[in-house]
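I opened the model to see how its parts are put together. My notes follow.

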Amino acid sequence: MIPSFENLNKAFDNRIRLAIMSVLFVRGEVDFNDLKKMLRATDGNLATHLAVLERHKYLKVKKLFVGRKPRTTYTITESGSKAFSGHVDALEEVIREGKK
Amino acid sequence: MDELESGLRDISAIRGMMERASKFLSLSGLSGVSAGIVALAGAWAASWAMQQAGAQIPLPGEQRAGDAWLGRFLVADALSVLVVALACSTFFSVRMAKKKGHPLWGPTTKYMLAALMIPLAAGGAFCGLLLFHGVYGLLPAVMLVFYGLALLNAGNFTFSEVRYLGMIDILLGLTAGFTPALGLILWAGGFGLLHIVYGILLYAKYEK
């Protein structure tokens with residue numbers, strides 16, 4: 001068993017969650033609609049995965065009203081950003097060892 | 001090997017999302033500072049030339065004979081400022097991109113430049129129209145307003161603070177439109193002073 005597999009974060013083994021974290025990692029903050037456009041995901045699907053990430057405390061949710069429209073924005077937390085970097089490192093490790 | 005395959009796919013998905021999500025982050029504060037200094041020099045040259053000609057910039061709609069050389073001087077002055085300021089900002093942004101390891105010519109660079117250049121080109125063409133009709137007095141206003149719109153637009157693809165600079169420039173431009181006598185001073189404020197202040201702020205925030 002290659003040890004680096006253990007470092008892969010289970011929270012990121014889903015493609016949508018991985019994409020959400022990638023966007024948040026570079027933007028810091030993003031609103032729901034932008035995210036939906038970028039990921040081409042349905043509302044329900046996206047909301048479910050965002051909730052999972054929120055439960056892990058990898059992102060923070062902020063709800064506000066612009067005029068009458070509700071706007072939900074998501075901000076990456078410090079632990080989220082660390083977890084994501086760690087996951088990318090682990091992925092690189094897997095690839096390096098796989099190539100040997 | 002499955003793990004390797006899926007790891008590679010994950011990495012490429014991450015890279016793609018990051019590229020799409022990111023902005024042009026190599027805009028150096030020093031670009032702003034240098035462009036501001038160049039603009040102030042240009043404004044100084046323009047005011048010197050106007051004093052030599054013993055003329056205020058003619059008011060909108062007002063045309064005077066004998067202003068031809070002044071007009072030509074001001075156009076050459078403005079174009080030189082544009083070229084030198086662009087060259088300086090490109091230089092400092094390229095330098096910053098290299099230092100930070102950002103790609104020089106990625107998609108975000110293209111988005112940012114398209115957002116900036118389209119309003120700017122429209123403004124340039126409009127200035128050409130004003131010159132054609134001899135309406136020199138509105139030139140500072142039009143330059144400020146179109147430049148402000150260009151920044152407001154480009155701010156979506158780079159540091160968002162740039163948008164506020166754009167809004168201030170639009171307001172300065174409209175003020176200059178109401179009071180053409182203050183045109184040159186407002187122009188120097190918008191293109192000179194504000195660039196320098198903004199450049200220093202951006203530099204302190206992102207490059208220290």
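I began with chain A, whose secondary structure comes to four helices and three strands. Helices (H or I, at least four residues) and strands (E, at least two) are DSSP runs, numbered from the N terminus. I read the order from the N terminus as α-β-α-α-β-β-α.

This is a predicted model, where local features need pLDDT of at least 70, side-chain atom pairs count only at pLDDT 80 or more, and totals for chains, interfaces and linings use all residues. Residues are numbered from 1 along each chain as its sequence is written, and chains are lettered from A and ligands numbered from 1 in the order in which they are written.

Next I looked at two helices of chain B. The axes of α5(B) and α7(B) come within 8 Å and cross at roughly 25°. Axes are lines fitted to C-alpha atoms, for helices over the stretch in contact, and angles run from 0 to 180 degrees between N-to-C directions. That angle makes α5(B) roughly parallel to α7(B) (under 35 degrees counts as roughly parallel).

Which residues of α5(B) make the contact? I found B:Pro140, B:Ala141, B:Met143 and B:Leu144. From α7(B) come B:Gly183, B:Leu184, B:Leu186, B:Trp187 and B:Gly190. Contact requires C-beta atoms, placed from the backbone, within 7 Å.

I then followed B:Leu144. Leaving aside its neighbours within four places in sequence, B:Leu144 is in contact with residues including B:Asp169, B:Leu172 and B:Ala176.

Note on methods
Contact = placed C-beta atoms within 7 Å. Parallel < 35°, antiparallel > 145°, perpendicular 65-115°, else oblique.
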